[in-house]
Amino acid sequence: MRPYREIMNSPASDHPPPQALELIWNQSDELLAITDASGRLLQTNPRFDEVVGPARRDGATIQDLLPDNNQRARWRAHIEATLDGSVATGEPIGLTGADRKTAWVRARGTRLASGPAPAWLWQMPVITELREAQESASRSAELLELVQAFGRMGIWQRDPQSGEGEWDEHMFQLFGYDPAGPTPDFKTASLRVHPDDQEPTRLAFEASLNKPGRYQFRVRILHPDASLRVGQSMWNVHETKPGEQQRVLGVILDDTAAYELAQSVSATTALLKLAADLGQISVWRHDLKTDRYYLNDHAYAIGGIAPRPEGLSADELREMIHPDDRPRVAAATEQALATNRPTDWQARYRRGSEWRQVMARRVVQRDAKGEPVAFVGVALDVTDQLAESRRAAETARRLELAASAAGMGIWFHEPQSDRLQWNAQMYELCSRDQALGPPGPTEWIETLIHPEDRARARLAHAALDRGTQSRVDAEYRVLRADGEIQWLALRARREIVDGRILVFGVCFDVTERIQAEAALRNANEQVALAARGAGIGTWERGPDPASMVWDAQMFRLRGLEPAARAPTSDEIYALVHPDDLPSAPPITAPDFLSAPPTVAEFRVRQPDGTYRWLASRSASISDDQGRVVRRVGVNWDITDAKNAATARQEREIAHRESQAKSRFLARMSHELRTPLNAVLGFAQLLTIESASLNETQQGRIGHIRSAGEHLLALIDDVLDLSSLESGDIRLALEPVDVARVVDEALVLLQSQARDMKVTVQPGPVGGAVLADRTRLRQVLANLLSNAIKYNRAGGRVAIETRMIGDQQSIRVTDTGRGLSAAQREHLFEPFNRLGVEREGIEGTGIGLAIVKALVERMQGSMQVTSEPGRGSVFEVRLPAADPVSAAEPAQAPQADPESTASARDGCLLYIEDNAVNVMLVEELVRSFTGLSIVSEVNGLEGVARAQSLLPDLILIDMQLPDIDGFEVLRQLRGDPRTAAIRCVALSANAMPEDIARARAAGFEDYWTKPIDVDRFLKALADLF
């Protein structure tokens, strides 16, 4: 790094002596640095090292010291533009300080003329405190405006000699004057004061002029409409110095509501509370006996705590005082005890993480003996006032700071003396060096204002100078020194004070607003384009019904060609479906314009006579004074959504109907299976014991059993069909060996084929398919059964498989009667037996409907070819699977044929409320020698018997008169004595979901009614 002396001693004829330069370098309050053309630091002065810290490594640049925030890129660009000579003015930038906080400086770089290599001298005065003050003042200005708006506070100032003054807009509103007019003088304003208050008001104001200080007075204001406002006027008479003009500055608080409230209660209490509320005064009492403080709401608010009826202890309040201020408060307490005069003090009190400055006054309250019993006092939070007084010595300076923080330029011109004055913000807004001073009117217009706006500016200034206008509001573009264009809003006024013409005003930077308005216009255009693209029509209407305006889409939604004029209300209603007229927007209603937002849906007729559904939304639009000026709305087509909702509702209704049907069929299945249990069960017992019966009796028993089995098959088929239609049936698709399932189906049909004298010839059968094993066996058994049933004596049935693409084909061929084309058309209709019901052939007519539905649920298809008199071919195609992965069927345990007759040892408990079912099961169990059985007719008695008997097996009906089978099982499993006993469900509920639920609950098995005697006995043999 080159030393500063070497750089500055480079050849140059106009350099100051090196000793002077070095002294300036070391003693300057500005940050000084020398860099090369890239910004690399070559030398920094002590002030630079103090604020930023010495360079932490060789090669550091000014750019490296910029904080990492959203302004870094702009600051970097300014530095680099300075280095390449594009700009020469200083700009506020932030540098990372030695304490890692941002240090604000105004960076100005100058190229040094001397030296072997280009170098730049950077002068950077520190403006951190200024920036912080500007930000703080901005917040204060916002708070002041907020207080005025919400606190109904007007600000005024007046010249005591002339009576002339200046009001803000809140004062005009309070006195009922037009804000566009001039500020009324004292005499004129007094005319609006209530007649009873005019003289006291004048006397109070004139008396205050005799002595500087603060004053207040309540005044009633009578508006021209006879309405009365009550204001609390507070003003400050400034102490003048020799040669200065006396002036008065004040505020008026509109406390009409508080005044009216005060009149409804005790005069003394109300006025006290009013005074406290108006001034936000805290009132408190310190009871010396209990050492507790009792405060009003304002006092609690200072500490940021909720009011407490019991008050605060002295220790609690003491902890709220700043430690440095506690001795002062204690001294004030001692002083108050020693006198009967009020004692004042000021201290900081904690509210959350901040300290509030409080000014307080107390007086001692004594008893009849003169002993102090309490302190009574008032307090005022003066934090904001003190902060404001530190920033400004007078109201004018406070306004200056607020204006600066708000980005508001303030200017003043006295044409007679040509005296001009600008505040610092005006220079900033116009990018003008303060050393040049404020420009005159001609220079302002002809140099700083944009050429296209100069004509308007000349006219406005001429009107002010001639007095033809006392106020000008305009917006101009100004040309900044950096070449940028900036929009300024100018507010100027012309007044005559003491015979002198004064022109003054303010300027605001409105560039962002202008840009935002342009962006808003662009956004509105984009929204309109999006609305048109989405098929949304828009309309608006003013107070006159004839002012209705439609866009083109409003016409298209009704199938009409766009027109320049919107339809009349009668024409609009004529297009609405008659049934929807009550719900259509009430555009003819008297209060339609100001009505709350409306939402409507209705149908409109198209030119072809069809109707489309439209949705409508509308809302009212108000001006700045809250008056409704127009109503806007939109329409869009919701026909597709309506149709979708209708279809969804129909599906939901169909689903509910299907569920109701399923519940009905399940209930009917249970009710039919219960009596069938007795019919089939005892028929099977009679068949077993038929050796003692003659042939006729045996035949009759066979008819009973056949009829019962036919009815049971019908019930099962109906339930299967219902489950398939509702989608409740669950299939477990897995690779299945076709040959094995065919063998299982053929075993079931051997006796039927033998009785019908039909030969079943399995052909080449192999491969595997992706299917539900149980349902595939049902499909094949049904097809083979039909092929046998509708065959002829001596006929043949063949079954074979083959691969067709990625599907496995299973063909069942018979030599039966065949089907005509008309019969094939109705073949899969449920309960349609195609006329054979008249021939005495048993069947329900729903088997093939179930087969087709099952095949399709297994992702397969079904084809039928048939010729009358020659037979039929039923072909099922299912997705092929890898034969190796086809699951081997579990081998059912083979029961010993003699086992049912051999001796057994065990005890059964049967919980069943149907006496016939109990009788049947007892007969079957007793056929096992050594097995005993007892029964109970309800669940609770069954649980009690199980706990005392401890049987080996419990058969449980699922529907009992007191508790269901699941509750019986839960109670048995909850008792350690019966927890391990095997329990089997024996129920007429045969739905798959019933069986699955029971097994999941913990039942050993699930046997359905009607009981199949052979299977029942085999299952008992397996268990014992």
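Predicted model: local features only at pLDDT ≥ 70, side-chain atom pairs only at ≥ 80, totals over all residues.
Student: Why is H461 called buried?

Tutor: Its relative accessible area is 16%. Buried means under 20%, so H461, at 16%, counts as buried.

Student: Good, and where is H461 found?

Tutor: H461 is found in helix α18, which covers residues 454–466.

Student: Which residues does H461 touch, leaving aside those up to four places away in sequence?

Tutor: They are W444, I445 and L490. Contact means heavy atoms within 4.5 Å, so each of these residues meets that cut-off with H461. As for V472, it lies 11 residues from H461 along the chain, and their C-alpha atoms are separated by 8.4 Å.

Student: Now to the strands. How do you know that β36 and β37 pair?

Tutor: Pairing needs at least two bridges. Strand β36 (residues 953–956) is joined to β37 by 4 bridges, so the two pair, and they run parallel. Within this pair, I954 stands opposite C983.

Student: What makes β37 and β38 a pair?

Tutor: The reasoning uses the bridges again: 4 of them join β37 to β38 (residues 1005–1008), against a requirement of at least two, so these strands pair and run parallel. Here S987 stands opposite T1008.

Key. Residues numbered from 1 in each chain as written. Heavy atoms only, no water. Buried < 20%, exposed > 50% of the residue type's maximum accessible area, 1.4 Å probe, protein only.
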